[in-house]
Amino acid sequence: MHKSVLRALRMPAQIRRRLGLIAATKWHRATLAQVGAGSRFQPGVRFDDPSSVTIGAGCYIWRGVEVSAETGRAGLRIGDGVQINRDVHLDTTGGLVIGDNTLISEGAVIYTHDHGLDPWSVPQPMVKTIGAGVWIGMRAVILPQCRRIGDGAVIGAGAVVTRDVPAGAVVAGNPARIIGQRARVAE
């Protein structure tokens, strides 16, 4: 097939995606507590309590991202230049802060509360802070006992993080362990 025919066949889908992005972004700008300039949302992003969410400038949030809290609404604060990829789940029961220029890869799960050994017990909220320039790999699980991930840290794909991660550390495995140190990136 000729390139112009293929381009014409793809055009309706591209237009639908673009219109969906525009509509979803307008919706979230109207419902969230704060959204910075240039931040965009794909359709299918869900916030349990939009009034407790602030998002910085230049962020991109993919379809399938879910932000929820089991009890109370401690909130979510996202810095500038953050990208959250598809199908990420963010629990905000204990409160969650995500620093500037952080990348959260597809399918990652971040928890801010714990039930101990009784799944029916009252959730115990735990504040979590993710530093600036952090990269959380695909399908990583950040458990509530990890209260802080330092600036520039890298969480490997599939890692299960059970304790705090120092700045610049590279962690991987289950449970996640430090396997290296990230080279300093020029600012």
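Predicted model: local features only at pLDDT ≥ 70, side-chain atom pairs only at ≥ 80, totals over all residues.
**Exercise 1. Work out which strands of the open six-stranded sheet stand at its edges.**

Start with the layout: the six strands of this open sheet follow the order β3-β6-β9-β12-β17-β20, and their pairing is parallel. Next, look at the ends: β3 (46–47) and β20 (160–161) each have a single partner strand, so one side of each lacks a neighbour in the sheet. Strands here are DSSP runs of E with at least two residues, numbered from the N terminus, and two of them pair if DSSP finds at least two bridges between them.

Residues are numbered from 1 along each chain as its sequence is written, and side-chain values use heavy atoms, leaving out hydrogens and water.

**Exercise 2. Find how many bridges join β6 to β9, and the partner of Ser68.**

First, take β6 (residues 66–68) and β9 (residues 89–91): they run parallel and are joined by three bridges. Then go to Ser68, whose bridge partner in β9 is Asp91.

**Exercise 3. Decide whether Ile22, Cys59 and Cys146 are buried, partly exposed or exposed.**

Begin with the cut-offs: buried is under 20% relative accessible area, exposed is over 50%, and partly exposed lies in between (1.4 Å probe, protein chains only). Ile22, found in helix α1 (residues 3–31), has 35% relative accessibility and so counts as partly exposed. Cys59, at 2%, counts as buried. Cys146 is buried too, with 0%.

**Exercise 4. Count the disulfides.**

Apply the rule, a pair of cysteine sulfur atoms within 2.5 Å: the count comes to zero.

Note on methods. Helix = DSSP H or I, 4+ residues; strand = E, 2+ residues; numbered from the N terminus.
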